Amino acid sequence: MLLKDTWDFPRFKKEFYQFTGLDLECYKDKQMERRITQLFTREGYDGLSVFFKALKSDKEVLHKFYNYLTINTSVFYRDSKIYDYLQKKALPDTLKKFDQLNIWSVGCSHGEEPYTLALILDELNSLKKVKIYASDIDDKALEMAKEACYTPNQLEKVPGNVFKNAFTERNGLYYLNPKYKEVVKFQKQNFLSPIYKDMSRMQMALCRNVFIYFKTDIQEWIIEQISGLIPKGGYFVIGCAEFINKPERFNLERQIPSIYLKTG
Ligand SMILES: C[S@@+](CC[C@H](N)C(=O)[O-])C[C@H]1O[C@@H](n2cnc3c(N)ncnc32)[C@H](O)[C@@H]1O
């Protein structure tokens, strides 16, 4: 018997949902339960109820939990082929088609993704034409995103010429130039909740390395909601390990793996 206390996973999920609004039922069961078990065993909690108490009282523990659930790691210019296509094709194309761009980074972690977009848009001389919205469920990740202070390994893929002007080093950490922070608006948001009807149109949305952890019907619901905000001619970007089955159902047309054009 793995658990010493009386809580089983259904009880844990129910309490966790009441506390955070995140429905763990949406995740692939086995994978999610394995991750949770690994985490609380490794951290020395005696069972699910003890672990839940710690999650409730300590933001750091909750942050670690979200990390573990979705492997929260992110870096600037993650999967450089994707950013290369965004920089050379998708962003110039979108900038040409629309006067003003709203871009949404869904599940933005510590800000690496929305800030990479800001760096690229600056290279395209278009920072002023764009608003970048970045959301995550994890308070601690959002705090770090707003601070925009990074370790060298998070920045390894930033091209040298961009790096020189965008970061200032202090005590071995790298601080992002405030002009990039100004264009990104961070917000706490659970993308599994009914947020979509109140949201603005997004000419580009990135939902990368986020929905792979969910059950298929939930993945499709997320794709439908997000792509529904994108007007014809906009782009939807997913992670390299993610896949949209029959994208035409969502009026999406694959341009390269992971990048879709909205066609209707
Ligand atoms: C693996 S990171 C992806 C970061 C970035 N998109 C990238 O590809 O590098 C996944 C992020 O999704 C966030 N996340 C997971 N479930 C979420 C939810 N239901 N609502 C909002 N954010 C969520 C996690 O907190 C985490 O920061």
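Does Ser-258 count as buried or exposed, and how many C-beta neighbours does Ser-258 have inside 10 Å? In this predicted model, Ser-258 has 21 C-beta neighbours inside 10 Å and therefore counts as buried, given that the cut-off for a buried residue is 20 or more other C-beta atoms within 10 Å. Ser-258 is placed in the loop that runs between strand E9 (252-256) and strand E10 (259-262), and its phi is positive, at about 85 degrees, although the residue is not a glycine.

Most residues other than glycine have a negative phi. A second residue with a positive phi is Ala-148, also not a glycine, for which the angle is near 55 degrees. Ala-148 belongs to the loop between helix H7 (139-147) and strand E3 (149-150); because 19 C-beta neighbours lie inside 10 Å, Ala-148 counts as partly exposed.

Turning to the ligand, a shell of 23 residues surrounds it, of which the closest are Ser-74, Gly-107, Ser-109, Ile-137 and Arg-208. Helix H4 (59-70) and helix H6 (112-123) are the elements that give two or more residues to this shell. When the shell around the ligand is divided by class, nine residues are polar, eight are nonpolar and six are charged.

Conventions:
Residues are numbered from 1 along each chain as its sequence is written. This is a predicted model: local features need pLDDT of at least 70, side-chain atom pairs count only at pLDDT 80 or more; totals for chains, interfaces and linings use all residues. A residue is near a molecule or strand if its C-beta atom, placed from the backbone, lies within 6 Å of it. Helices (H or I, at least four residues) and strands (E, at least two) are DSSP runs, numbered from the N terminus. Ala, Val, Leu, Ile, Met, Phe, Trp, Tyr, Cys and Pro count as nonpolar, Asp, Glu, Lys and Arg as charged, and the others, Gly among them, as polar. A residue is buried if 20 or more other C-beta atoms lie within 10 Å of its own, exposed if 12 or fewer, and partly exposed in between; C-beta atoms are placed from the backbone.
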